[in-house]
Amino acid sequence: MLSLRNIARSAPRAARFTKAIRPQASLFRQTAAFQPVWSQAAPKLTASFHMSAVRREQSSNEELVAKIQSEISMEEDMKEDDDLSANIKEYLENSPFEIEDKAGNQEVVLSRTFGDEKIRITFTTADLNNDVNPEDGLEDQAMYDDADMEVQSGGANTKGAVTQGTTKDGNIRVAPEDREELDDEYEGEGDLEQGFPAHASIRIERPGKGALAIEATAQDGDFLIEDLYYFPDAELADPQTAEKDWARRTLYTGPPFNNLDEDLQILLEKYLEERGINTRLALFIPDYIDHKEQKEYIRWLNNVKNFVA
């Protein structure tokens, strides 16, 4: 769901600056060689003040501040009436996850407990600013559509066979009846088709048993699981020191998720769904990234304006 304001920000500027051409004053000035001695003026001892440079600097700052304020006003006008959209509010009110959103940080963290497990999901606004080629997305979608036509022979690969199926790439699929329900709750099917890929880092820890680290992408209500790692020491899942990072690199943490048996992929996906890593979360993450990025952009504009003013 790429917002229109990103297009507005990247629009080319029409204004151009040109230098004024001044006549060479030396052509109209007599040289000292042809001036009589008695006509040469005595040197002036008074100090000269150049106010034009100061005025130009003040004018430049005022123009910059005015432009930044214009951007702030535009962003404020584009904001929804409420601070949070209905989709985001609905999820936060009914989700088992607690959200950690620090002002000025680009990362957002969702956390919860599930039995003796500690679950932590991290995503970032940087995914919204990544350049995405719409034509690439159309080509990828066509490729996946062709793949779906080939594998829908029955079992878990058939879209209507189970509530949550999977593709060869580990993409959690939603059954048609469930997708229709989600369409109504998330403002229509058009929103689901226009999502942008948002990376999510998932960590599941158990006391004395280490941690699972899952790297996935949320898009259009689906989770595409890319890698699933196991670490005997939970601190290795997110190493904070060089020693821990080196120890992590020497471990065998598992094969690429797509190389696993398809039935095993399905069971692992259901394992994540039981812990709330499901379609609703895949819809929430891009929505919240869009909200968070706009909020941080306005904060950044105000900070820059205060600095240069």
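Two strands are treated as paired if DSSP finds at least two bridges between them. Helices (H or I, at least four residues) and strands (E, at least two) are DSSP runs, numbered from the N terminus. The model on display is predicted: local features need pLDDT of at least 70 and side-chain atom pairs count only at pLDDT 80 or more, while totals for chains, interfaces and linings use all residues. Residues are numbered from 1 along each chain as its sequence is written, and side-chain values use heavy atoms, with hydrogens and water left out.

**The whole chain**

Begin with the protein chain in a cartoon view. Its secondary structure comes to 10 helices and eight strands. Of its 309 residues, 33% count as buried, where buried means under 20% relative accessible area, exposed over 50%, and partly exposed in between (1.4 Å probe, protein chains only). Contact here means heavy atoms within 4.5 Å. Among contacts between residues at least 6 apart in sequence, 59% join residues at least 24 apart.

**The sheet**

Next, select the six strands that form an open sheet in the order S1-S2-S3-S6-S7-S8, with antiparallel pairing. S1 and strand S8 (222–231) stand at the edges with a single partner strand each, so one side of each has no neighbour in the sheet. From one strand to the next, the twist averages 20°; the angles run from 0 to 180 degrees between N-to-C directions, and the axes are lines fitted to C-alpha atoms, for helices over the stretch in contact. Strands of a sheet pair through backbone hydrogen bonds, either parallel or antiparallel.

Move on to strand S3 (residues 117–124) and strand S6 (residues 198–206). Five bridges join these antiparallel strands, and Ile121 stands opposite Ile202 in S6.

From S6, continue to strand S7 (residues 210–219). S6 and S7 run antiparallel, and nine bridges join them. Select Arg203 to find its bridge partner in S7, Ala213. The two strands form a hairpin with three residues between them, and Gly208 in the turn has a positive phi of about 75°.

Asp116 is found in the loop between strand S2 (107–114) and S3, and its 40% relative accessibility makes it partly exposed. Although Asp116 and Arg206 are 90 residues apart along the chain, their C-alpha atoms are separated by 6.2 Å. Display both side chains: they make a polar contact (3.0 Å). A polar contact is a pair of N or O atoms within 3.5 Å; within protein, one must be able to donate a hydrogen and the other to accept it, and residues adjacent in sequence count only if both atoms are side-chain atoms.

**Ser95, between H3 and S1**

Now select the loop between helix H3 (86–94) and strand S1 (98–101), where Ser95 lies. Is Ser95 buried or exposed? At 14% relative accessibility, Ser95 counts as buried. A polar atom of its side chain lies 3.0 Å from the backbone nitrogen of Phe97.

**H3 against H10**

The axes of H3 and H10 come within 10 Å and cross at roughly 125°. That angle makes H3 oblique to H10; angles under 35 degrees count as roughly parallel, over 145 as roughly antiparallel, 65 to 115 as roughly perpendicular and the rest as oblique. Asn87, Ile88, Tyr91 and Leu92 in H3 meet Arg280, Leu281, Phe284, Asp287, Tyr288 and His291 in H10.

Finish with the loop between helix H2 (51–78) and H3, which contains Lys79. Lys79 counts as partly exposed, at 32% relative accessibility. Not counting residues up to four places away in sequence, Lys79 touches Gln294 and Ile298. Its C-alpha is 8.8 Å from that of His291, a residue 212 places away in sequence.

Ser85 has its place in the loop between H2 and H3 as well. At 14% relative accessibility, Ser85 counts as buried. Ser85 and His291 are 206 residues apart in sequence and 8.3 Å apart in space, C-alpha to C-alpha.
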